[in-house]
Amino acid sequence: MDSLLYTLSETVHKQNYVIATYHIRLPREVDVLKKAATLAVGQTIGTWIPIPGITEEIREKYMGKVVNVFDVPSLELATQITEDRREYLIQIAYPSVNFGTDLPLLVTALLGNDASTSAQVKLLDIEFSEEFARKFRGPRYGIKGIQNFAGINDRPILLNMIKPCTGLTPKEGARIFYETAIGGVDFIKDDELLGNPVYSKPEERVRAYREAAEAAYERTGERVKYFVNITSGAGEIIDNVKRAEEAGADGLMINFAATGYSMLKYVAERTVLPILGHSADTGMYYEGTMNGMASPLAVGKLARLAGADIVMINTPYGGGYPLLHQKYMQTVAQLTLPFYEIKPSMPSIGGGVHPGMVEKYIREVGKDVVLAAGGAIQGHPFGATAGARAMRQAIDIVMSGQAFEKAAAEKDELRVALTQWNYTKS
């Protein structure tokens with residue numbers, strides 16, 4: 001067996017490689033070891049035909065290595081094979097020197113070239129070496145930093161996004177901002193669909209919403225933080241950042257799947273403001289069963305590595321999106337569990353969030369989370385202020401440990417909201 005092409009995981013872990021784990025489905029007659037070797041070579045030094053100029057030194061330093069191949073289910077005997085097609089998990093180690101800290105080239109190295117032509121694979125995970133991860137700063141704030149920024153560490157942070165998603169001028173949005181702010185939300189952000197239209201420039205929203213936030217503070221004594229969406233093309237996004245900063249933005253929001261992980265990293269390294277990474281568009285990365293990457297990787301690990309302090313994620317509940325519960329929990333894990341010296345990103349749960357779901361979310365994810373309610377606040381029968389109050393009432397009841405239904409019955413805004421959204425104890 002070629003010792004330059006195949007290796008044991010114990011050997012690779014001592015070197016500066018990243019290990020990619022793939023899922024692949026093949027006809028039963030295909031030799032999976034050869035297929036894995038072709039993928040390792042094709043994604044690093046080779047093409048589909050032998051070419052001159054590849055030396056042993058090049059193979060040793062720059063070629064991918066097959067680390068493991070697992071068949072699923074695990075079979076040992078030829079007589080156990082009963083299907084025409086077989087499924088495998090393949091692990092390939094890629095030399096980090098091939099792409100350095102260049103995230104677009106990392107993704108290309110793991111999912112481009114042969115992985116998009118001669119082999120249909122789905123990337124399930126990337127295991128980074130500590131040497132590689134040290135080159136990335138990750139989130140500037142992290143969970144504790146965001147809690148200090150908000151002045152909140154004993155309960156979930158409540159976020160609202162201005163609705164309707166588009167079509168509002170800054171002045172019209174500021175009116176909704178004020179009505180929502182006085183109800184008790186902590187953060188307000190733009191919808192992911194609102195970026196830099198001619199009728200509502202980011203810096204204009206910042207100025208208008210700061211006035212609304214100040215008016216709300218004079219009434220409530222609580223300052224609401226605003227995250228402005230600066231998502232745009234490469235030529236405009238830094239200008240958006242600068243103008244938003246100059247106008248006094250509290251935080252920035254980026255649709256990182258649309259702009260790319262490298263743009264998220266670029267902005268994170270050039271601003272002192274906290275960044276909310278929105279996972280809109282990530283479905284195109286992970287919804288394929290035999291291509292793309294797994295959702296915990298696309299939404300969790302890579303967004304954290306690139307520097308998002310808060311990451312908006314989907315859940316299996318509400319909103320009509322059928323995400324698997326396992327993937328939701330694994331995404332939370334990728335954002336929050338220890339990852340060398342990289343700070344954790346705070347999960348922000350969105351899509352169908354209403355007061356009746358607060359208890360479930362806190363039970364499953366804990367208090368170190370942002371609860372992002374949109375329609376449940378703006379769509380409250382008594383208005384946005386009452387909608388915000390209902391969400392805060394639900395959070396406060398759950399955190400106090402009171403019996404939820406009994407305590408909720410004593411709060412007018414919450415009681416109406418639970419009826420509106422057909423609350424049943426979960």
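Analyst: Tyr317 and Tyr328 are both buried (buried means under 20% relative accessible area, exposed over 50%, partly exposed in between, with a 1.4 Å probe and protein chains only). This is a predicted model, in which local features need pLDDT of at least 70 and side-chain atom pairs count only at pLDDT 80 or more, while totals for chains, interfaces and linings use all residues. Residues are numbered from 1 along each chain as its sequence is written, and side-chain values use heavy atoms, leaving out hydrogens and water.

How do the rings of Tyr317 and Tyr328 sit relative to each other? Their centres are 6.0 Å apart and their planes at 85°, so the pair is edge-to-face. Rings of Phe, Tyr and Trp (its six-membered ring) pair if their centres lie within 6.5 Å; planes under 30 degrees apart count as stacked, over 60 as edge-to-face and the rest as tilted. Tyr317 is in the loop between strand S10 (310-313) and helix H14 (325-336), and Tyr328, 11 residues apart from it, is in helix H14. Helices (H or I, at least four residues) and strands (E, at least two) are DSSP runs, numbered from the N terminus.

Strand S10 has a partner of its own: 4 bridges join S10 to strand S11 (residues 346-349), and the two run parallel. Strands pair if DSSP finds at least two bridges between them. Val311 stands opposite Pro347 in S11. Both strands belong to a barrel that 8 strands close in the order S5-S6-S7-S8-S9-S10-S11-S12, with parallel pairing.

Back to the rings: the structure holds 16 aromatic pairs. In one of them, Phe177 and Tyr209 have ring centres 5.3 Å apart and planes at 35°, so this pair is tilted. It links distant parts of the chain, with Phe177 in helix H7 (residues 170-181) and Tyr209 in helix H8 (residues 202-220), 32 residues apart. Phe177 is buried at a relative accessible area of 0%, and Tyr209 is buried at 3%.

Phe177 also stands out in the largest nonpolar core: among its 115 residues, Phe177 and Leu110 touch the most other members. Such a core is a set of buried Ala, Val, Leu, Ile, Met, Phe, Trp, Tyr and Cys residues joined through side-chain atoms within 4.5 Å. Beyond its neighbours within four places in sequence, Leu110 is in contact (heavy atoms within 4.5 Å) with residues including Tyr22, Tyr94 and Phe99. Phe99, in turn, forms one aromatic cluster with Phe128, Phe132, Phe136, Phe339 and Tyr340.
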